[in-house]
Amino acid sequence: MKRTFFKRIFVSKEILLYLITIAMIVSFSAWMSLLNNFVVEKASFDGSQIGILQSLREIPGFLAFSVILVIIFICQQRLVYISMITLGFGTFLTGLFPSAIGLYITTIIMSLGFHYLETLNQSLSLQWLDKKKAPLILGKISAIKSFTGLIVFVLIYILMNFLNVEYKYVYMIFGGITIIIGIAAWILFAHFKEKVPQEKKIRLKKEYWLFYLLTFLAGARRQIFIVFAGFLLVEKFGVDIHNMVILLFINAVLNIYFAPKIGKFIVKFGERTTLRFEYMGLILVFISYAFVENVYIAFALYVIDHLLFSMAIALKTYFQKIADPKDIASASAVSFTINHIAAVFLPALLGLVWLYSSSLVFIIGASIAFISFILSFLIPKEPQRGFETILVK
C-alpha cells in the first residue's frame, strides 16, 4: 500500500507543481514581507533607493527570455531545481549585507532564481494541465501560494515578535528551506518527458499581440502595487513590521478561500468577464490609494488590491486557449520579459515621482488599469487558436 502511495506522489506532475510553488513562496514571501522594514531600519533607504532596488530586482525578469536559450542545454524540469536553489541562496544571503550595494547584489541573485522559477512554473503548468481543468488547478495553486505565505508570516511573527530573532537569521532560515526543497525534489521526482516538443527560439508572434500588451500593462500595474503600496503604509502611516505581517496574514487567509472560487468563476464566466472585473476594481483601488488619509482604509485597499491581482489567472488561461502547444515555453519566457520591461525602469522613475507626490504614482497606476480595461473588450467570449481577438475575421 505504501509503495503505491509513494509511487503516485513521485510521478505526479500536479504535486510537483504544488511543490515548486511552495519552494518559491517560502523564500519570496519572507524576502518581500521583511523588505520595507529591513531597508528602512537597517539600511536607511529613502524612496529613491527602494525604487532602484526594485528596478534591479526586475532585471532578471526582463531577461526571462533567456530561459529559452538555457533549455537548449538543460531540460526545463532540471532548470526548475537549479532555479529553486538559486532563489534560496539569494534569500539566505540577504540579511547578511545591510547596505545599499549588498542589498542590490543579493537582490539580483534572489531575483534570478525567482524569475526563472516563475517562468518555468507557468510554462510547465500550461503544458501539463488540461485546458478545461487549468483554471481550477491554477486556482488551487494560488491558494497554496497563500497558505504557504500564511505559514511563513506566522513563523516570521513568532520569530521576531516573541523570540526576537534578527532579520539576518530569519532570511537564512527561509532561504535554507527553499534550498532543501529544491535538492529533495531533484532527487525524489521522476523526470517527465515533453508531450509536445517545445520551440527553442525566441520570437514574437502577431497572433498573441493582445496577450503581450495586457501582460506589459499588468507588469506596470503590479510594480506600483508591490513597490509603493507597502511603502505607503510604512512611510506615510508608520506601520511597523508586526502589523505588516498581520496584514499579509489576512491577505493570505482571504486568498486561500477566494483563489479556488476565482478559478471556478473563470470556468463559468470566461476570461473576458474576469479580466474586466479585475481591471475596473484596480482603477477604483488605485484612485483611492492616491487620496487615502485613514490607515484602516489603507489596510482595506491593500487587501482588496491583493485579491484583485489573484484574478490574473484569467490572463494565463486566455493564453493557454489561444496558444499553439509548442509555443508555450517560448511564449511564457517572452511574456515574462514583456511583463518586466516596465518593471526595469518604472520603480526607479516613480521613486523620483514619489519624492514629489505619492498621489501621482497611484493616479498613474489607475490610468494603466483603465487602458487594460478598454483592451479587455477585444478578448473573445470563447478565445481559441485562430480566434485570439474579436478583430480576427
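Predicted model: local features only at pLDDT ≥ 70, side-chain atom pairs only at ≥ 80, totals over all residues.
1. The second largest cavity holds about 40 Å³ of space. Sorted by class, the lining has 3 nonpolar, 1 polar and 3 charged residues.

2. How many aromatic pairs does the model have? The count is 21. One of the edge-to-face pairs joins Tyr157 and Phe162: the ring centres are 5.9 Å apart and the planes stand at 75 degrees. Tyr208 and Tyr212 also form an edge-to-face pair, because their planes meet at 80 degrees, with the ring centres 6.2 Å apart. The cut-off for edge-to-face is over 60 degrees.

3. Back to Tyr157 and Phe162. Are these residues buried or exposed? Tyr157 has 25% relative accessibility, so Tyr157 counts as partly exposed. Phe162 has a relative accessible area of 57% and is exposed. The cut-off for exposed is over 50%.

4. Aromatic residues also gather in a cluster. Ring pairs connect Phe228, Phe231, Phe286, Tyr289, Trp354 and Phe362. Which charged residue sits over the ring of Phe377? The residue is Arg276, whose charged end lies 3.9 Å from the ring centre.

5. How many cavities of 30 Å³ or more are there? The count is 2. The largest cavity contains about 1400 Å³ of space. Its lining is made up of 49 residues, and Glu118, Lys145, Arg222, His306 and Phe309 are the closest to the centre. Which elements give two or more residues to this lining? They are helix 2 (13-41), helix 6, helix 7 (134-162), helix 9 (209-237), helix 10, helix 11 (295-309), helix 12 (313-322) and helix 13 (328-339). By class, the lining of the largest cavity divides into 25 nonpolar, 18 polar and 6 charged residues.

6. The lining of the second largest pocket counts 5 nonpolar, 1 polar and 7 charged residues. Helix 10 is also among the elements that give two or more residues to the lining of the largest cavity.

7. Ser142 belongs to helix 7. Its relative accessible area is 10%, so Ser142 is buried. The cut-off for buried is under 20%. What does Ser142 touch beyond its neighbours within four places in sequence? Its contacts are Asn255, Ala259, Ser310 and Ile313.

8. Leu79 sits in helix 5 (residues 76-94). Leu79 is buried, because its relative accessibility is 4%. Setting aside neighbours within four places in sequence, Leu79 is in contact with Val67, Val70, Ile71, Ile74, Tyr116 and Leu120. How far apart are the C-alpha atoms of Leu79 and Asn339? They are separated by 21 Å, and the two residues are 260 residues apart along the chain.

9. Ile101 is part of helix 6 (residues 100-128). Ile101 counts as exposed, because its relative accessibility is 57%. Leu53 is 48 residues away from Ile101 in sequence, and the C-alpha atoms of the two lie 9.5 Å apart in space.

10. Finally, a backbone point. Asn164 is not a glycine, yet its phi is positive, at about 55 degrees. Where is Asn164 placed? Asn164 lies in the loop between helix 7 and helix 8 (167-188). At 61% relative accessibility, Asn164 is exposed.

Note on methods. Residues numbered from 1 in each chain as written. Heavy atoms only, no water. Nonpolar A, V, L, I, M, F, W, Y, C, P; charged D, E, K, R; others polar. Phe/Tyr/Trp six-rings, centres within 6.5 Å; stacked < 30°, edge-to-face > 60°. Buried < 20%, exposed > 50% of the residue type's maximum accessible area, 1.4 Å probe, protein only. Lys NZ or Arg CZ within 6 Å of the ring centre and 35° of its normal. Helix = DSSP H or I, 4+ residues; strand = E, 2+ residues; numbered from the N terminus. 1 Å grid on protein atoms, 1.4 Å probe; cavity = no way out; pocket = protein on both sides within 12 Å on 5 of 7 lines; lining within 4 Å. Points joined across faces, edges and corners; volume = space filled by probe spheres on them. Contact = heavy atoms within 4.5 Å.
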